[in-house]
Amino acid sequence: MQTPLTSIQGFAQAILDGTASDSQAQQHAASVIHEESGRLTRLVDDLLDLARLDAGQVTFAHAEVDLNALVARVIDRLSLRAGEKSIQLENGVRGLPAITGDGDRLAQVLTNLIDNAIKHTPVGGRVTIRGEGRGDQVRVHVEDSGPGIPPDELPRIFERFYQVDKARRGGEGRGSGLGLAISREIVQAHGGRLEAASAPGQGSRFTVTLPAGLPSDSTLSRRKP
């Protein structure tokens, strides 16, 4: 498997030894180095984040979170990315009760899920975010109109470094394979769960379920399922 460092070293060598001799080849090499260094940075950041979560070294804020406003902000931030692929982002989250938790960390989860949905939805498709409150639970669903996830791979998508799109090349479009693992850890730390449902050709749906209320301690702690 080609790693970011392999690409960086290879294209840097091409510049140094003159293989990338003309301006077009040099521009391509510089572009690849830039993209792969960004991918390496994201990988290191994700590994550090996951290590801190595993060690229980992450302190979560304990504050009132308006999920309706939080979802709207995340969608607004990702609207340009969706527009580049002519993907329609639909916000169906209305009237959800406020919860107690870490708004920044929950925004990280929703950003990861919606960004993944955009990546895996074809041009002209649709990504829909829905919300519902049931008793003492609140749910946020992120649904896409992409190709779906094969049944044999669905149980493994929350594994660390596991990627369904193995055929994709490195660069801006390829993640670290840790985003879903980190998202699940964050949701579990809030006493909730993150689940996925999908069928080939019918898109995918990721559901974040959170308790409507949490104990009144000063921080949230990482909780094993």
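Among contacts in the protein chain between residues at least 6 apart in sequence, what percentage join residues at least 24 apart?

1. The figure is 71%. The model is predicted, and this value is computed from it.

2. Overall make-up. The protein chain holds five helices and seven strands. Along the sequence they follow the pattern α-α-β-α-β-β-α-β-β-α-β-β.

3. The sheet. Five strands form an open sheet in the order E2-E4-E5-E7-E6. Pairing in this sheet is mixed. Strand E2 (88–92) and strand E6 (193–198) are the edges, and each pairs on one side only. On average, neighbouring strands are turned by 15° against each other, direction ignored. As background, the strands of a sheet pair through backbone hydrogen bonds, either parallel or antiparallel.

4. E2 runs parallel to strand E4 (residues 126–134), and five bridges join the two.

5. Helix H3. Residues 67–84 make up this helix. H3 lies across E2, E4 and strand E5 (137–144). Its direction is at about 175° to E2.

6. Helix H5. This helix covers residues 179–189. H5 lies across E6 and strand E7 (204–211). The angle between H5 and E6 is about 135°.

7. Burial and surface. The protein chain has 225 residues, and 40% of them count as buried.

Notes
Residues are numbered from 1 along each chain as its sequence is written. This is a predicted model: local features need pLDDT of at least 70, side-chain atom pairs count only at pLDDT 80 or more; totals for chains, interfaces and linings use all residues. Side-chain values use heavy atoms; hydrogens and water are left out. Two strands pair if DSSP finds at least two bridges between them. Helices (H or I, at least four residues) and strands (E, at least two) are DSSP runs, numbered from the N terminus. Axes are lines fitted to C-alpha atoms, for helices over the stretch in contact, and angles run from 0 to 180 degrees between N-to-C directions. Contact means heavy atoms within 4.5 Å. Buried means under 20% relative accessible area, exposed over 50%, partly exposed in between (1.4 Å probe, protein chains only).
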